[in-house]
Amino acid sequence: MSREFYIWMLVYQIYVVLYRLLFPMYMPTDYTFAGRWKFLTHWNVVLQMVYYIWNGSLALLGVYLPIINNVRSKIFFRIVLPLSYFIAIFFWGLYCIDRDLVLPEEMDKYITPYFNHQKHTFIIFWTTLEMFLVNHQPIPEFWSGMKTIVMFSSTYMLWIVIIYCLSGLWVYGILEILGLLGKLAFCMLANSVFVIVYTSLYCVGSYVNRINYPLLGEA
């Protein structure tokens, strides 16, 4: 199933690229400092695009090497899987509290509902499918993944601060209304959610993989 899954994801990602070329959606924030690279969502979109096009191409060509599977498993468990869930949880959580914090109504004329779900909803559907359909044994070591996800989340928090220092703009609306302590609490909360999401998905993903593809050992 893993070969068929990655080939399907290759087709889907090509469709996504064509969709964005045929229906470009430019937001006012695209013309401010750092463009779309301000947003963690965009980091994830590019990450998944590269990840699935690469793995889909290898699957299509029938290329399989243990070292490639090992690297793929580490990238999936340490970044691709937890990042997709984090974005969906944080985005829709804040959206339910107050959509102006993440996607004000005036942005609807720039972002179609489909495009929004493509970036914030479908991402967990694909990674969950991969968790169940692809053999990621041997499972990557837990604590190495924890270090990776903490470094990744801390790097993004630093990037948010750098953008503010250089442009005077906060990436997310909620940061504009919070005081200094509130901003620190927000960063700590975001890092904590990252850790909880990573830990939960690692436990579930490793259990599912061991059940579906019995093989001892961690890498």
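Is tyrosine 52 buried or exposed? I looked up its relative accessible area, which is 0%, so tyrosine 52 is buried (buried means under 20% relative accessible area, exposed over 50%, partly exposed in between, with a 1.4 Å probe and protein chains only).

**Entry 1, ground rules.** I am working on a predicted model, where local features need pLDDT of at least 70, side-chain atom pairs count only at pLDDT 80 or more, and totals for chains, interfaces and linings use all residues. I number residues from 1 along each chain as its sequence is written, and side-chain values use heavy atoms, with hydrogens and water left out.

I found 29 aromatic pairs in the structure (rings of Phe, Tyr and Trp, the last by its six-membered ring, pair if their centres lie within 6.5 Å; planes under 30 degrees apart count as stacked, over 60 as edge-to-face and the rest as tilted). One of them joins phenylalanine 5 to tyrosine 52, edge-to-face, at 6.1 Å centre to centre and 80° between the planes. I noted that this pair links distant parts of the chain, with phenylalanine 5 in helix α1 and tyrosine 52 in helix α2, 47 residues apart (helices, H or I, of at least four residues and strands, E, of at least two are DSSP runs, numbered from the N terminus). Phenylalanine 5 has a relative accessible area of 5% and is therefore buried. I also looked up tyrosine 51, which pairs edge-to-face with tyrosine 52 at 4.9 Å centre to centre and 80° between the planes. Tyrosine 51 and tyrosine 52 are both buried.

I traced a cluster linked by ring pairs; its members are Trp8, Tyr12, Tyr15, Tyr19, Phe23, Tyr114, Phe122, Phe125 and Trp126.

I read a volume of about 800 Å³ for the largest pocket. A pocket here is an open set of points on a 1 Å grid over the protein atoms alone, where a 1.4 Å probe fits, with protein on both sides within 12 Å along at least five of seven lines; lining residues have an atom within 4 Å of a point. Grid points are joined across faces, edges and corners, and the volume is the space filled by probe spheres set on the points. I counted 38 lining residues, with Phe39, Leu101, Val102, Val171 and Tyr172 nearest the centre. Helix α3 gives the largest share, 5 residues. By class I have 26 nonpolar, 6 polar and 6 charged (Ala, Val, Leu, Ile, Met, Phe, Trp, Tyr, Cys and Pro count as nonpolar, Asp, Glu, Lys and Arg as charged, and the others, Gly among them, as polar).
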